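Have a look at the sequence and the fold first.

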Protein chains: 2
Amino acid sequence: MTEPVVLMATMVAKPGQEDLVEKTLTAALPKVHAEPGCLRYALHRKTGTTGEFVMIEKWASQEALGAHMKGAAMREVGAALARALAGAPDMVFLDAISAGDPDAGAV
Amino acid sequence: MTEPVVLMATMVAKPGQEDLVEKTLTAALPKVHAEPGCLRYALHRKTGTTGEFVMIEKWASQEALGAHMKGAAMREVGAALARALAGAPDMVFLDAISAGDPDAGAV
């Protein structure tokens, strides 16, 4: 059985690049949502910051995530943000632990 | 209008306390899911670790989160984990940025 893949990607804008990063990531959302196997791709800004972003992602499979990483939307984002981020995105993969309500209990 | 509140709480177990922490947090899930205004309360272990946990939470309002923090389930968790965590939970609040599909685009 193919398990969904959950991860958080944290991206920090260089000073002065906050708006570019936010607009670029926001513009990518509809394109990524339309990609095969995209179950969740939810953009957030850390409260109290202007340039620290967290994408919470859930993909139907490792293959779907792999296709996303190599896809057109990510190529565009990568090109637009190449010089706008303070460093490489920090990607943290998560193993879901299920109990209780299956909807409230999973992203 | 009351905005939902999204946050991530990261908890790190002391060495040797990983199982206690995981069991305690897992046991709390059904109780927390039943609390008023709990929209998401999803437990994860960072992949490749045994004792680093991330709870992704969404509450209907600041008031619902406040009631949760003071509620019976959290009192039990707090008592059980008082000496099992390496430090206080790290709570990061997140402002959702919406675009695209409203379901895939939000936790």
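The buried residues of α1(B) pack against β4 (90-97) of chain A, and also against β1 (5-12), β2 (38-46), β3 (52-59), α2 (62-69) and α3 (72-81) of chain B. Contact here means heavy atoms within 4.5 Å, and the helices (H or I, at least four residues) and strands (E, at least two) are DSSP runs, numbered from the N terminus. Which residues of α1(B) are buried? Among them are B:V21, B:L25, B:L29 and B:V32, along with B:E18, B:E22 and B:H33. Buried is under 20% relative accessible area, exposed is over 50%, and partly exposed lies in between (1.4 Å probe, protein chains only).

The helix itself, residues 18-33 of chain B, has 16 residues and should span 22 Å at 1.5 Å a residue; its end C-alpha atoms are 23 Å apart, which agrees. That expected span is 1.5 Å times one less than the number of residues.

A bit of bookkeeping: the model is predicted, local features need pLDDT of at least 70, side-chain atom pairs count only at pLDDT 80 or more, and totals for chains, interfaces and linings use all residues. Residues are numbered from 1 along each chain as its sequence is written, chains are lettered from A and ligands numbered from 1 in the order in which they are written, and side-chain values use heavy atoms, with hydrogens and water left out.

Now zoom out to a whole chain. Chain A has 3 helices and 4 strands, in the order β-α-β-β-α-α-β along the sequence. Its radius of gyration is 14 Å, close to the 13 Å that the globule rule gives for 107 residues, so chain A is as compact as a globular protein of that length. The radius is taken over C-alpha atoms, and the rule is 2.2 Å times the number of residues to the power 0.38. Buried residues make up 49% of the 107 in chain A. Of the contacts in chain A with a separation of 6 or more, 69% join residues 24 or more positions apart.

How do the two chains relate? A rotation of 180° with 0.0 Å of shift along its axis puts chain A on chain B (RMSD 0.0 Å), so the copies are related as by a two-fold rotation axis. The C-alpha of A:V107 is the one in chain A nearest that axis, 2.8 Å from it. Copies are superposed by least squares on the C-alpha atoms of residues with pLDDT of at least 70 in both. Finally, 97% of the interface residues of chain A are also interface residues in chain B, so the copies meet through the same surface.
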